[in-house]
Each structure stands twice: as structure tokens, then as C-alpha cells.
Amino acid sequence: MIDYNKALSDKVKKMKPSGIRKFFDIAATKKDVISLGVGEPDFSTPWAIRKSAINTLERKKIIYGANKGIEILRDAICTYINKKYGVQYNSEDEVIVTVGGSEAIDLSIRALIDPGDEVLVVEPSFVCYSPLVELVGGVAVPVPTRIENNFKLTPEDLEGKITDKTKLLILPFPNNPTGAVMTKEDLEKIADVIRDTNIIVLSDEIYSELTYGRKHYSIIQIDGMRERTIYVNGFSKAYAMTGWRLGYLTAPKEIVSQLVKIHQYGIMCSPFISQNAAVEALNSCENEVKKMVSEYDTRRRFLVKELNRIGLECFSPEGAFYVFPCIKSTGLSSEEFCERLLDEENVACVPGNAFGECGEGFIRISYAYSLKHLTEAVSRMENFVNKIKAEQK
Amino acid sequence: MNKIIDLLKQNARFSNAQIADMLGMSESEVSAQIKELEDKGIIKGYSVILNEEIYDNSQVTATIELKVTPQRDCGFDVIAKTIMMYDEVESVSLMSGAYDLAIEVTGKNLKDVALFVSEKLSTIEGVLSTATHFILKKYKEKGIFIEGEDVDERGFVCP
């Protein structure tokens, strides 16, 4: 008999499965569950993009293409970044088209981190950073953000976290799960801390198109930051293209030339059909994005008001498509709250601690759902909160 | 598009307070704007969308294509206004293309509608021809799924 325990890598065995998997398994066995747990848009990919993919299928040979991505897409990405931020990247050697933003994150961590190196991971945040850091033998150092600061990263949060071994700061804004954004002023303060160090910033800006009432500002716009930043973005959230698996990163060529080696051996190249379709997304879908943003905004306002009304204190997020209400008033932990809410009212949410310890006391609610769906969910949550409050008395 | 109208088209039963929350306005602003839309005649009314497969009100509905002779000075208006006065007529629209007016008629049964067409519609002066199409089933109306749901294929939970 083969001993699988011996066959598998210790580092991999030590990786924790994603904290939200458990809820998925429970929810999948129940009927009549309404979910608020999904991190992907409910909209369809705009027709122009789908049509472009159909054209590719009809007319083109579906080939590998260049490792770093097809030229027209790399050009379109650089034009887009220049238009949005006024920052130039050379499409020849400063861009890689990746399999989702996720691959861009993985590549960056693998290319920068040696065993023992420290990575500052701003939390609460998307679940992938720390496991990927630990897989390459790095040390993930959580940098908690706080509700008092609307979950923005402040220079004080970084204090004492930076050591001789710090190689990388992962900066995930607009933030999943909190919906927090960083303004120009907020970012300048962080840049002041980082600028004279040898630390690279991995800026995961996958939600950059989804901001409300304020245009997204990127850290690459700040003096001296382009040279020390790996900018990560993608098509999943802005263009409702999750299943197309397409993202990208831009960085100085000294970094890109190293990252592209890993991409070349590990992935070869990103999917050709998706890449062709993504050109259409960047060139002609601004209005579709605006429409989606306007719809998300309506839902966001509705949820913030309703959650506060039913007694779950909720700060007003300015980005992504999540709200992150505090559930401490119920006396339950995040996990207890979510488990009981699923069990008793058939509503699935994600406990805040799945996104880092400092997310304890909060839950993540996605508003990538119709208003009808959200209205029903809020009414079930109101029942639940009232019941908990009656129990407390 | 007016955002209030956009929301009312999704669900005319949203309360003013809900709309105010969604759009970041005050309730009184919303109520004033809706009143203005109604006063100006932009909002003409509110109705209900039924699944008549389940709510069986023993009615049949037909779409009727009409070819008519336009009249001097007033085109199709007079004849359209004559037709819309009948209680049986749910809607009247002027069309481009192969025929002139599309009207929707409801009746208790097939015979009822057929009689209405032959005795009332066809005899109106200026009506040249009619073609009656009975509606068998509605799948979607005013953006709302009547048959089946827009199935959410996404998982329950994902990061």
C-alpha cells in the first residue's frame, strides 16, 4: 500500500483548506438556501465580448500565442492603464497576461520570496495570499486593518511589522471582503513608509472598476511607486468574466522578465479565446461597466441602510461588491452567526474570520445579487437577528 | 434613464423609503419626484404581472394584426382611438412593417374573441383586414420570467 502521507509535500499538507469551504458543503445539502456568499458578478459577460469569442472560434486557429500574452491585448492593457492612471508601461516587456488575477498573485509571490522572507498581508483580505506565501517557505505577517479607520491601511498599522526580512507588501484595495478603498491621500502615507525601503508592493486592484462616488486611485500613480509595484488586475469583476480566467500584471521589466519564466514553464500562455475577447472588453465595454456599477451602487445603498436598520452595524463601503457588517451585538462569533443563519433561516454568508483573524466579529455579504434576492435575504436576516435578541433577554 | 423609473420598472411595489435608500435620496424627494412623473403623465399607472398558468381566470388573449386605411389629416389616430374604447382591448400599438395596428384582446374563450373580431373590429370603417393570433403561453413579460427562473448557476459560497 502506498503511504500517501509520505508521498505528499509537508508544505502542501500544512496548507489549510479555504475557511469558506465548510459553508459551501453545508449549503449544498440544503434546499431553499439563498446565498449572499458569492464573490462573482451576477451579470452576464457583455454580448460584444461573447460575440468576439465566437468570432475567434469561427475564424481563427486557436493557438498558444506568445507566453506573455497576445500583442493586441498587451497593447490594449497598456493603453487602458495609461488612460486610467497616466502611467506608461511598455507592452513589449512590462506586461504579462495571466490566468486570472490569481495567477498574477501566485507568480509574484513565487518570483520574489525565498524561504524565511516576510510578506506583509493586509487583512481582512482575499484568502489566497498567506497560503501561497507559505508554500514557497515565506512567512506571512498579517497587518490587521480596523473598522475605526473604515478598514483602510494606515502607516500606524505597518509600524513594527517591517523588518530586515520584509520583501513584499500585499495591498488589496478596493478590498474583498470589507469594500474599503484607499484614496490618493491614504496611499501617499503608505508610499512614504515604503519608498526608501527595498520592499515591493503587490497591488491587487481587481475591483478597481467597481468604486462608488469616487474614482479609483492606484498606488502606481504616486511618485516613486511604479518602480516598486507589481500592479495586478483582471477581467473577472469589471466585465463579469470570471469563467474566462483572465487577468494581468504590469511591473518594471526587471521584475517581469523573471516572472514570465515561471508563467512560461507553469502555464505556457493564457487562453487564446479569452485573450481575444478581452481586447473587446477594454476597447468597447465602458458603458456596460458603467451600467453594472450603477446597479451595484443601488444595491449597496439598499443593503447598508437595511442592515443598519435591522441592527447589524455596517460601515458604508466604497468599492467592490461586498458589505461587511459587524455582528458583535448578537453576542455570537462570526462562525456561529453564519452557521446558525444558514441552519435557521437558510441564508448563506461568509464569516469574517475566513479573511483573517481581524475579520472576527464581522460577516461578508455579497451584493452580486438582484434586489429581489437581496430583499428576501434581508427579511430572513431580520427574523434571525430579532430571534437572537429575544434569546439575549 | 431616470433611476426611479428604472427601479419602479423592476418592482413597482418598492416603497418610497426603499427607493430613497437605494438612490441615496430622502424619502420626501422620492415622493415628490414620483408625483411629478405622475402629474406630467410620464408614469401612467402601475399594474401586475401574472402567471396565468397558475392564476386561471378563464380568459384567452389574442394579438390581432390590423391593416387599416389611414384617414386624411389624422392618419391612424381616429381609428386607433375608436378601437381602444372597447373594454375587450388591452393594448393598441401603431406598427411599422406589414400591418398597421397591433391590438391585444382578451375574452372568456376562443369564440368570444372571434366574435369580437368579426362583429366589432372588422366592421369598423377603414379596417381592411385582420389576422388573429391566440397566445398559448407567456414565458417572459416586462422583463420578468413567468415560465421558469433565471437559474443562478454560481456556487453558494466562493471567495
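This is a predicted model: local features need pLDDT of at least 70, side-chain atom pairs count only at pLDDT 80 or more; totals for chains, interfaces and linings use all residues.
Me: Which domains does the assignment give for chain A?
Reply: Bounds like these come from an automatic or database domain assignment. Here domain 1 covers 4–45 + 287–392 and domain 2 covers 62–285. Over C-alpha atoms, the centres of domain 1 and domain 2 of chain A are 25 Å apart.

Me: How much area do domain 1 and domain 2 of chain A bury between them?
Reply: The size of an interface is often given as the accessible area lost when the parts come together. With a 1.4 Å probe, and summed over both parts, domain 1 and domain 2 of chain A bury about 3000 Å², with 66% of it on carbon and sulfur atoms. A:Phe315, A:Glu318 and A:Phe355 supply 22% of the area that domain 1 buries against domain 2, more than any other three residues.

Me: How many residues are in contact across the two domains?
Reply: Contact means heavy atoms within 4.5 Å. By that rule, 36 residues of domain 1 of chain A touch 39 residues of domain 2 of chain A.

Me: Which side chains meet in a salt bridge?
Reply: Look for a side-chain nitrogen of Lys or Arg within 4 Å of a carboxyl oxygen of Asp or Glu. The count between domain 1 and domain 2 of chain A is one. A:Arg214 and A:Glu318 form a salt bridge at 3.2 Å, N to O.

Me: And the ground rules?
Reply: Residues are numbered from 1 along each chain as its sequence is written, and chains are lettered from A in the order in which they are written. Local features need pLDDT of at least 70, side-chain atom pairs count only at pLDDT 80 or more, totals for interfaces use all residues, and side-chain values use heavy atoms, leaving out hydrogens and water.

Key
Buried area is the accessible area (1.4 Å probe) that two parts lose on being put together, summed over both.
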